[in-house]
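Please open the structure in your viewer and keep the sequence at hand.

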Amino acid sequence: MRKAEILIIGAGPAGLGAAIEAAKLGAKVVLLDENEKAGGQLFKQIHKFFGSKQHYAGVRGFQIGEDLLKEASDLGVEVLLDARAVGMMDDGTVAVLHKEELIQIAAKKIVLATGARENAISFPGWTLPGVMTAGAAQTFSNVHGTLVGKNILMVGTGNVGLIVSYQLMQAGANVKGLVEVIPRVSGYGVHAGKIKRAGVPIWTSHTVIEARGKDRVEEAVIAQVDEKFQPIAGTERVIKVDTILLAVGLTPKVELAKMAGCALTVEPTLGGHLPYHNDEMRSTNANIYVCGDIAGVEEANTALDEGRLAGLSAARELGYGDDSVEEKKMELNAGLCALRMGTFGEKRLECKERIMKEWSW
Amino acid sequence: MDKINEIICRCEEITREEIEEAIADGRTTVSGIKRHTRAGMGACQGRTCSKMIMRILQQKGVRNMKDMDIDTPRTPIVPVKVESITSEEG
């Protein structure tokens, strides 16, 4: 049985933020990640972030990842890679599959920064080779240098759909168009603008209704939808593509939280089921903190700051740091409020406020 | 439109039709549908299809997202080789 004061599960921006702040206060931190490299989705983010300087505006995602990794390792955070938490035991220990070996880790505080998984939608033919999620295509192109297809239909115009479309265009793919089931583009205008300027059509109030092909995708059938999102007969259109990418939202990975008895709530705007938490990212289980996409799907900068909050709170609970930690937490909460502004942010802020108001333990 | 071959659970090859039959048969939860059809019982443990099943329950007016329960997760949450479990350290 291994021991840690604070065990952090997931080394994306949230987990790294938590590890850095907890280690800075002097806590002994173990940080797990199921991948061969820490950093989570940051290493796929080749675009520059925007917002304020405090939130890394103008810096590319993978550079932020490198900086955070270096900071964590300089602070003595123990990082276990190829280490996947597979269960929470009744006595609070975590079962971890580390390089094919099952180990148990006992920790005083656990920070769940497990992230989210991509949603899919079903339609006839969606199981044909050539249909995959947008994030998978992004991993292929930005991490492994492989284009998943030549002629692509993107389903969904959230930021993932828009950014991945543009990156695949930059990599030489022919993005034939994007479909969006609601009547407007759902991601940021700045990303949609790049696609529109390149002359790629965005069909709003449209969805994909079928993928056709013998052994793999050869064409996609799209159709206009009515106000109940049902396809309108007669509006079908066939598009010759070899790849259909699904960018239809993300779902928080809550299995470990649910297993640990954390009460869940449902916020569709934030991805669905997620653990209740307060403004120091504590779940309804006193020893478990949640941060980043598991606590509601948002962005890398909010994940990082939520992680910092969780790390500070967990370490402070263990007696590390002094009263100045409270001040730091207030600053981080103010920063998170600032990130949750505008048409997109306000809805998320509203959900977060509701979750925190309903939280109790 | 031919929906017969619209697979919902890839691991167990359960179609939309089978899910809809289970609902018509009185299953109103993700867990109930899982036990009835095996959707979500395969290698991936419902990581993709459980959300689709929630959406079908919602579309059919059986249950709102707000009072939807996720299926009970159990250890191990991802497939683990028996070898890894039996070689577990004390």
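Begin by selecting A:Gly87, which stands opposite A:Ala95 in β5(A). The model is predicted: local features need pLDDT of at least 70, side-chain atom pairs count only at pLDDT 80 or more, and totals for chains, interfaces and linings use all residues. Residues are numbered from 1 along each chain as its sequence is written, while chains are lettered from A and ligands numbered from 1 in the order in which they are written.

Next, select residues 83–88 and 94–98 of chain A, the strands β4 and β5. They run antiparallel and are joined by five bridges; strands are DSSP runs of E with at least two residues, and helices are runs of H or I with at least four, numbered from the N terminus. Together β4(A) and β5(A) make a hairpin with five residues between them, and A:Gly92 in the turn has a positive phi of about 95°. Five of the six residues of β4(A) are buried (20 or more other C-beta atoms, placed from the backbone, within 10 Å of their own), so this strand is largely enclosed by the rest of the structure.

Move on to the open antiparallel sheet of chain A, with strand order β12-β13-β14; two strands pair if DSSP finds at least two bridges between them. β12 (206–212) and β14 (237–240) of chain A are at the edges, each with a single partner strand, so one side of each lacks a neighbour in the sheet. Six bridges join β12(A) to β13(A), residues 219–224. Select A:Arg212 here: opposite stands A:Glu219 in β13(A).

Conventions. A residue is buried if 20 or more other C-beta atoms lie within 10 Å of its own, exposed if 12 or fewer, and partly exposed in between; C-beta atoms are placed from the backbone.
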